[in-house]
Amino acid sequence: MRRPVFAANWKMHHGPSDARAFLRSFLAHYARRPDRQLLFFPPAISLTTVIDSLKERQDIRVGVQNIHWEDKGAFTGELSAPMARDAGATMALVGHSERRHVFGETDEETASKVAAAVRAGLTPMLCVGEKLEERERGETELVVLRQLRAGIAKVEPHAIGTMMLAYEPVWAIGTGKTATPADASAIHAVIRRELKAILGEKATGIPICYGGSVNRGNAQTLLEASDVDGLLVGGASLDAEGWSSIVRT
Ligand code: PEP
């Protein structure tokens, strides 16, 4: 059964008190549904609060927004995958466009982070997506495939089969501009084809989420597009009532 993924990326919002209040309200609006996969990516400081607030709701998974590629060491301010796992996270976002373009993370570093997540038993959600100028130069496919191939280069095929992917065109993130369902579908099909070339039919089971200005108004049509298996949502996941209505889409 296809179970669409609804992933909330809170970015640098919702410290522990806000996170607790959000989940109290959200859980009052959202009853367990076996036909959905729900994920929360809170800021690291709120991770244990979120895990604690969801202890009766094992149907909802929690992940970190970023990890370091080393397991430990002198990396002030960083967070390792084994630490995130120890705190109860089961997932990690890797290669989010803000990591790539605000913090300058390279494809090589992204690949090392994917490998670190897999080593620690976290499911990586690898994000790929082109910038506006790359899209205007007609390089969308090229960029997405480069990021995808590089991002999975340091893990074995069986581990790739357990990952999640997210296509997030950079020009659509936080801008109010959304890819059309047809555009999203076309790029998701490119990603799927590449994964199939490596994994065969197993690639059919890898969820490929779309992200970029998803809201209550466009969630349904995006989810209906072929090869769109879920949504990765920033801004519209910050309000408990709004997010609960999106996840019931
Ligand atoms: C994101 O942060 O991954 C994202 C897609 O943000 P937004 O929904 O705000 O565009």
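Predicted model: local features only at pLDDT ≥ 70, side-chain atom pairs only at ≥ 80, totals over all residues.
A backbone N or O atom of Gly235 lies 2.8 Å from an oxygen atom of the ligand, and the protein buries 96% of the 290 Å² that the ligand exposes when it is taken alone.

**The ligand and its surroundings**

- The ligand is surrounded by 14 residues, and the closest of them are Lys11, Glu168, Gly174, Ser213 and Gly234.
- The side chain of Glu168 has an N or O atom that is 2.7 Å from an oxygen atom of the ligand.
- Ser213 takes part through its backbone, where a polar atom is 2.8 Å from an oxygen atom of the ligand.

**The nonpolar cores**

- The largest nonpolar core has 65 residues, and those with the most contacts inside this core are Phe26, Phe40, Ile191, Leu195, Tyr210 and Trp243.
- Helix α9, which runs over residues 181-199, gives the largest share of this core, namely 6 residues.
- Ile191, one of the residues with the most contacts inside the largest core, touches Val128, Val144, Leu148, Leu165, Tyr167 and Ile208, if residues up to four places away in sequence are not counted.
- There is also a second, separate core of 12 residues, and its members include Ala7, Leu39, Cys209 and Leu232.

**Arg36, a residue in a loop**

- Arg36 is found in the loop between α1 (16-29) and β2 (37-41).
- The relative accessible area of Arg36 is 8%, and because this value is under the cut-off of 20%, the residue counts as buried.
- If its neighbours within four places in sequence are left aside, Arg36 is in contact with Arg3, Pro4, Phe6, Tyr30, Val247, Arg248 and Thr249.

- Apart from residues up to four places away in sequence, Lys196 touches Glu201, Ala203 and Thr204.
- Between Lys196 and Asn66 there is a separation of 130 residues in sequence, and in space the two are 27 Å apart, C-alpha to C-alpha.

Conventions: Residues numbered from 1 in each chain as written. Heavy atoms only, no water. Core = buried A, V, L, I, M, F, W, Y, C linked by side-chain atoms within 4.5 Å. Buried < 20%, exposed > 50% of the residue type's maximum accessible area, 1.4 Å probe, protein only. Helix = DSSP H or I, 4+ residues; strand = E, 2+ residues; numbered from the N terminus. Contact = heavy atoms within 4.5 Å. Near = heavy atom within 4 Å. Polar contact = N/O pair within 3.5 Å; in protein donor to acceptor, adjacent residues only side chain to side chain. Areas by Shrake-Rupley, 256 points an atom, 1.4 Å probe, with all protein chains shown as cover.
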